[in-house]
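Please view the structure first.

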Amino acid sequence: MSKNLISSNKIEHRAINALEAIIDEHSTMDHQISANDKEMSWDGCIWIYQKNNGDQSKHNGPSRVPVQIKGHLDPNNKYINAKRITYSVDLDDLMAYATEKGVIYFQIFINDKKKEIFYSSLYPSKIADYLEKAKEKGNKSSISIVFIKLEKDADKLYCVAKQFNDEALKQGSAYTPLVQDRIRIDDFDKIKSISMSVVGAKDSLDAILRLSSGDICLYGKMEDDKYPRPLEWLDDSKFFAGREVDQTISIGEEIFYKKYSCIVDSDGGMCLRLSPNLEIRFSDGKINFNFKVNGDVQSLGNDSKFILRLLEANMFEVEKRPIKYTNPEVSEELRKRLSFLSDMYDTLNMIGFELDKTISQYTEEESKQITWLVNFRKGRANNSVEEGLSRYNWKYGDKYVPLLVSKSGDKIMLDNSVYTNHYAIFIPDGKKDSPGYRMPLFAYHEVDILSNLYKYDYDEFYEQLDNTDINVNTGDALIEFVLTMISVYDQNKDMKFLDLADYLLSKIKPYINEYLFWLNDMQIRIRRRVLQENELQLLAEIPEDDTCVAFGKYVLLGNKEAASKKFDALSKDKRKLYRTYPIYHLFEKL
């Protein structure tokens with residue numbers, strides 16, 4: 001088609017016919033458009049009727065939507081194949097539109113094969129924004145405006161026209177106080193609430209796409225606003241909308257996520273945010289993963305396992321609906337990183353370590369200690385692990401996490417030896433096929449370790465004591481644990497260990513020597529407060545038949561000379577043993 005063979009009148013007629021053909025397909029729209037119209041700036045209008053009954057008369061409450069139509073030849077498809085274009089509009093025309101409710105401006109392109117319609121909804125506040133920008137730029141005659149391709153669908157055109165009319169009725173003209181007082185971009189950070197109304201949106205994605213076209217005006221309220229005001233329009237705006245979705249995401253039978261966030265954008269893209277670290281992006285028929293280390297150990301571990309599993313399966317399911325992911329491009333460096341994060345999660349989860357901490361919260365030293373532990377469990381550390389069960393006191397920061405290490409062939413499993421529910425400790429009861437008497441697991445640790453644990457779960461300690469077999473056969477062993485807990489207090493001054501010692505001592509009272517009970521009861525009390533007269537009298541009445549008991553008696557009475565004589569009277573082995581007991585700690589302070 002040659003431009004020289006078609007007059008401007010014919011081009012305009014064809015353009016108007018293309019638009020009128022769509023309008024004619026809708027029962028609540030009519031048109032009043034003139035070719036070569038002499039009316040300044042407007043070519044006519046689209047009429048919108050209230051009721052969908054075919055009645056296109058004044059009795060059906062019609063609304064008038066002003067339109068301007070420009071027809072153009074486009075033999076080289078410069079505009080026809082685009083989704084959005086920029087085109088110059090005369091400022092004189094914009095100033096004319098500004099005095100009334102605005103205009104829907106159509107640019108219609110024609111060639112031998114097709115006709116495409118582009119439009120811009122120029123409601124009052126949008127016109128005011130363009131005029132202001134033209135003034136800022138120093139434009140004298142025209143300004144470039146964004147136009148959106150119109151789908152050849154009468155319902156879509158109706159939504160555009162009805163939306164324009166609704167916005168225009170709210171705003172009046174570009175010179176009303178509401179429009180003149182619109183919220184500029186520099187004040188967007190002060191907005192407290194945003195509202196909008198969307199004609200004919202099917203869902204949030206449809207609303208976002210409509211919003212990006214410029215059809216819809218956003219209204220905002222700042223701190224002291226009594227009514228919502230239009231927000232400044234920006235042609236390059238991109239909008240997002242999101243919602244929480246309670247659906248499973250799985251690979252095979254393994255469910256990795258039970259909910260996710262679905263975010264859509266005004267470019268037609270969609271993103272599934274599975275965690276703080278992982279997003280799945282759908283755009284232009286492609287699937288891409290965005291993985292960044294932002295979340296805690298638990299989320300990182302789960303995300304890493306999901307991605308590694310996906311690289312094998314090439315497919316995942318959203319609520320049992322399969323989504324293929326073929327030919328993934330993952331660098332070897334990322335694979336190693338994911339494997340380490342997966343191993344780190346497994347390792348720390350095994351020992352009941354905190355999983356709600358982000359990697360960024362670890363100090364450099366803590367990161368090294370965790371890396372060492374992961375390598376230790378995977379058999380990569382320079383430590384020989386014995387076959388079977390052994391102990392290891394792992395240090396994190398300056399605290400201890402006591403471990404049980406179980407090795408079977410190349411496989412190494414770890415447990416927290418203080419809190420594990422996979423193992424228990426028993427002492428023999430002399431019965432065949434009996435595990436024996438159950439003992440408290442935490443008490444079988446050195447005082448130095450117990451006084452400097454990374455984690456203290458006192459409820460778990462009490463539960464272990466309650467599950468302990470307490471009888472005449474276990475009393476002597478359990479009194480040693482009382483002494484251990486008192487010694488822990490002497491090192492870390494944690495009063496809760498005195499409470500634990502007191503609790504266990506009261507439980508074993510019926511099964512131990514009376515004087516042994518009172519000596520230990522009093523050494524717990526003396527660590528809390530000064531002993532009372534009646535308590536000192538009770539100590540004074542304890543017989544001195546047993547040198548060990550007599551030593552403890554005089555220490556508690558504060559008689560250093562008598563206590564020293566009793567201590568010197570003990571055997572060498574006894575003296576060595578008593579130096580490890582908490583009573584000796586009191587003796588040294590006399």
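About 450 Å³ is the volume of the second largest pocket. This is a predicted model: local features need pLDDT of at least 70, side-chain atom pairs count only at pLDDT 80 or more, and totals for chains, interfaces and linings use all residues. Residues are numbered from 1 along each chain as its sequence is written, and side-chain values use heavy atoms, with hydrogens and water left out.

Some terms come first. On a 1 Å grid over the protein atoms alone, a pocket is an open set of points with protein on both sides within 12 Å along at least five of seven lines; a cavity is a set of points where a 1.4 Å probe fits but cannot get out; lining residues have an atom within 4 Å of a point. Points are joined across faces, edges and corners, and a volume is the space filled by probe spheres set on the points. Helices (H or I, at least four residues) and strands (E, at least two) are DSSP runs, numbered from the N terminus.

The second largest pocket has 23 lining residues; L516, L519, C548, V549 and Y578 lie nearest its centre. At least two lining residues come from each of α12 (475-492), α14 (514-528), α16 (547-557) and α18 (572-578).

The largest pocket holds about 800 Å³ of space. Its lining counts 27 residues, with I148, E151, L209, S212 and S266 nearest the centre. β7 (142-149), α4 (154-171) and α6 give two or more residues each. The largest share, five residues, is from α6. Why does the largest pocket lie between domain 1 and domain 2? Both domain 1 (8-181 + 210-217) and domain 2 (240-340) give residues to its lining, so it lies between them. The domain bounds come from an automatic or database domain assignment.

One cavity of 30 Å³ or more turns up in the whole structure. Residues lining the largest cavity include R84, K126, W233 and D235.

Lining residues by class are tabulated here (nonpolar: Ala, Val, Leu, Ile, Met, Phe, Trp, Tyr, Cys, Pro; charged: Asp, Glu, Lys, Arg; polar: the others, Gly among them).

| Space | Lining by class |
|---|---|
| Largest pocket | six nonpolar, seven polar, 14 charged residues |
| Second largest pocket | 14 nonpolar, four polar, five charged residues |
| Largest cavity | three nonpolar, four polar, three charged residues |

F442 sits in the loop between β24 (437-439) and α10 (447-450). Its relative accessible area is 0%, so F442 is buried (under 20%, 1.4 Å probe, protein chains only). Beyond neighbours within four places in sequence, F442 contacts V418, L450, F461, Q464, L465 and M485 (heavy atoms within 4.5 Å).

Methods
Buried means under 20% relative accessible area, exposed over 50%, partly exposed in between (1.4 Å probe, protein chains only).
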